[in-house]
Amino acid sequence: EPRRIRAMSAVSKAMYKPLSLATSVLGGILAGAVFQQVWKRIGDDKNAPEPKDLSRSSKEVLIAAALQGAIFAVVRAAVDRAGAKGYRALAHEDPR
């Protein structure tokens, strides 16, 4: 029979929320840095286009936005998952 992990207590939730917020902010910073490095390698310009920059093509703007969204989603999921696993290892509770 698999080991049962209990749900978070109110105290644990209060402790986990600030940790989760901090890791989310760090994940956002990391995702932004990853996106900038990827864009430097694949884009025509070393800076990603802004949506209101009409000197850049719509295709380029939309590709940049899609790539940025994908990178942010993957990094966020990885950071959230690692944080949840770390919390469970320390507290023996699932952070749900």
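Visitor: What should I know before I start?
Guide: This is a predicted model, where local features need pLDDT of at least 70, side-chain atom pairs count only at pLDDT 80 or more, and totals for chains, interfaces and linings use all residues. Residues are numbered from 1 along each chain as its sequence is written, and side-chain values use heavy atoms, with hydrogens and water left out.

Visitor: OK, how far apart are the end C-alpha atoms of helix α2?
Guide: They are 48 Å apart. Helix α2 covers residues 58-91, and its 34 residues should span 50 Å at 1.5 Å a residue, so the two values agree. The expected span is 1.5 Å times one less than the number of residues. Helices here are DSSP runs (H or I, at least four residues), strands are E runs of at least two, and both are numbered from the N terminus.

Visitor: Which residues of α2 are buried?
Guide: Glu-60, Val-61, Ala-64, Ile-71, Val-75, Val-79 and Tyr-87. Buried means under 20% relative accessible area, exposed means over 50%, and partly exposed is in between (1.4 Å probe, protein chains only).

Visitor: And what do they pack against?
Guide: The buried residues of α2 pack against α1 and β2 (93-94). Contact means heavy atoms within 4.5 Å.

Visitor: Which residues make up the largest nonpolar core?
Guide: Eight residues: Ala-31, Phe-35, Trp-39, Ala-48, Ala-64, Ile-71, Val-75 and Val-79. α1 and α2 each supply at least two of this core. The largest share, four residues, comes from α2. A nonpolar core is a set of buried Ala, Val, Leu, Ile, Met, Phe, Trp, Tyr and Cys residues joined through side-chain atoms within 4.5 Å.

Visitor: What does Ala-48 touch, leaving aside its neighbours within four places in sequence?
Guide: Ala-48 is in contact with Phe-35, Trp-39 and Arg-56.

Visitor: New topic. What follows α2?
Guide: His-92 does, with a positive phi near 60°. His-92 is not a glycine. Most residues other than glycine have a negative phi. His-92 lies in the loop between α2 and β2.

Visitor: Why does His-92 count as partly exposed?
Guide: Because its relative accessibility is 46%.

Visitor: Is Leu-21 buried or exposed?
Guide: Leu-21 is exposed, because its relative accessible area is 57%. Leu-21 sits in helix α1.

Visitor: Where is Val-25?
Guide: Val-25 is in helix α1 too, which covers residues 10-42. At 47% relative accessibility, Val-25 counts as partly exposed.

Visitor: How far is Val-25 from Arg-76 in space?
Guide: 9.4 Å, C-alpha to C-alpha, though the two are 51 residues apart in sequence.
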